[in-house]
Amino acid sequence: MVYQGLSEQEFNKMLTAPENFAAPPESLTEQMFIERSLTENKFWLRIMKEHSYFLGEGFNRKDKQLIQQTDRFYHYFAEQEKRAHQTPYNVTAVRKLNEDTIQLVLGLRNFKRNLLILIINCKVMGFNFPLLVDHIAREAEYFMRTLKKLNDGILDPIQDAIIKENVFWLKIMMEHSRFIASLLDQSERNLVITARKFGDDFEVLLNQARDVESMLYKKSPTYPIIGKLNKDSESATQELRAFKQAGLDFIKTCQIRNVIDPLLADHVVREADHFLQIVHVLEERLKVKQQEQQRL
C-alpha cells in the first residue's frame, strides 16, 4: 500500500470529535430479542443459582443467617430458571421474564457486594476469596446490563460490542485460570504452572483489549483491528476451555489432587463455552458489516 497522504475531507475532520463518526446502534428484531433474552436467561439463571450454592459452601458454619440466605437465593433462581425454560415465545412474556429476572439478580448482586465489604473488613470469615466474590458480583451486573439493553431494544454497534464483551470476558477467563491454580493441590506442579500461564496469557490479552477500548470505543469503525482482537480471544479461550474440560474429567475420575467441587469445574467450562458462543455471534455480525463496507 503506497501512502498518499490525507485527503482534504479527512484533514477537515481533524478538529471534530471522533465520537461523531462512531457507528450508530443497530436494530434489534423481535426474533433476535426473544432468542437472545431466552438464551441469556437460561444460561445466567443457572450460573446465579450455582453462585448461591458456592457462597453457602464457603461460609463459616457459624454464619447460619448467611447460609440460610444463600439457600433462599438458590431456591429463587432454581424456580426462575424453570420459568425461563417454560416462557412462551412472544415479546410480552419474554420482556416480563427479563424484568423479573433483573429484580431477582439485583438482590443477589447487592448481597454479594455487601458480603465482599464484610469479608474485606474481617467481619465474615470462611473460604470465599474476596476476588471470587467480586468476580461473581461482576457477572451478576453484566447479566442485568445485558437484559436491560435487550428490553430497551439496544444492540451496540459491532465494534463497541466486540470491545466491551472482550474486556469483560477476558478478565473472567484470566481469573478462572488463577482460581484453578489456587484450588489445585500445589503438588500438581505441572497443572498449577499451566493454569498460572493461562492467567498470564489472558492478562496480556485483557490489557491489549483495554488498549483497543481506549483507542476505538465509540469511534469510527476500524474492523480489521477489531476482528483480530476477537480472533485472538477465541483462540486463547478454546485452549483454556480444553484445559478446563481435561481438569473436569480428571476431577470426576479422581486422577488429580485438588479441592475443586466438580460442579465448579463444570461451571467454568460452561462459562468458557458461553464466551465462545458470544464470540461466534459477534464474528458473524462483523462479517456482515465488513461486506457492507466493501460495497460502499
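Me: Is the crossing of α6 and α9 left-handed or right-handed?
Reply: This is a predicted model, and in it α6 covers residues 158-183 while α9 covers residues 262-295. Their axes sit 11 Å apart. The crossing of this pair is left-handed.

Me: And are α6 and α9 roughly parallel or roughly antiparallel to each other?
Reply: The two helices pack at an angle of about 160 degrees. Anything over 145 degrees counts as roughly antiparallel. So α6 and α9 come out roughly antiparallel.

Me: How many nonpolar residues does the contact of α6 with α9 have?
Reply: On the α6 side you'll find I158, I162, W169 and L170, among others, and they meet a set in α9 that includes L264, V268, F275 and L282. Three polar and four charged residues take part too. The nonpolar count is 15.

Me: How are α2 and α9 oriented to each other, roughly parallel or roughly antiparallel?
Reply: Helix α2 takes in residues 30-58, and its axis comes within 11 Å of the α9 axis. They cross at roughly 155 degrees, with a left-handed crossing. With the cut-off at over 145 degrees, that pair is therefore roughly antiparallel.

Me: How many charged residues are in the contact of α2 with α9?
Reply: E40, R46 and E50 are among the α2 residues here, and D266, R270 and E271 are among those they meet in α9. The contact also has seven nonpolar and five polar residues. Charged ones number six.

Me: Which residue with a positive phi follows α5?
Reply: α5 runs over residues 130-151 and is mostly covered, with 16 of its 22 residues buried. After the helix comes a phi near 70 degrees, and it belongs to G153.

Note on methods
Residues are numbered from 1 along each chain as its sequence is written. This is a predicted model: local features need pLDDT of at least 70, side-chain atom pairs count only at pLDDT 80 or more; totals for chains, interfaces and linings use all residues. Side-chain values use heavy atoms; hydrogens and water are left out. Axes are lines fitted to C-alpha atoms, for helices over the stretch in contact, and angles run from 0 to 180 degrees between N-to-C directions. Helices (H or I, at least four residues) and strands (E, at least two) are DSSP runs, numbered from the N terminus. Angles under 35 degrees count as roughly parallel, over 145 as roughly antiparallel, 65 to 115 as roughly perpendicular and the rest as oblique. A crossing is left-handed if the near helix is turned anticlockwise from the far one by less than a right angle, and right-handed if clockwise. Contact means heavy atoms within 4.5 Å. Ala, Val, Leu, Ile, Met, Phe, Trp, Tyr, Cys and Pro count as nonpolar, Asp, Glu, Lys and Arg as charged, and the others, Gly among them, as polar. The expected span of a helix is 1.5 Å times one less than its number of residues. Buried means under 20% relative accessible area, exposed over 50%, partly exposed in between (1.4 Å probe, protein chains only).
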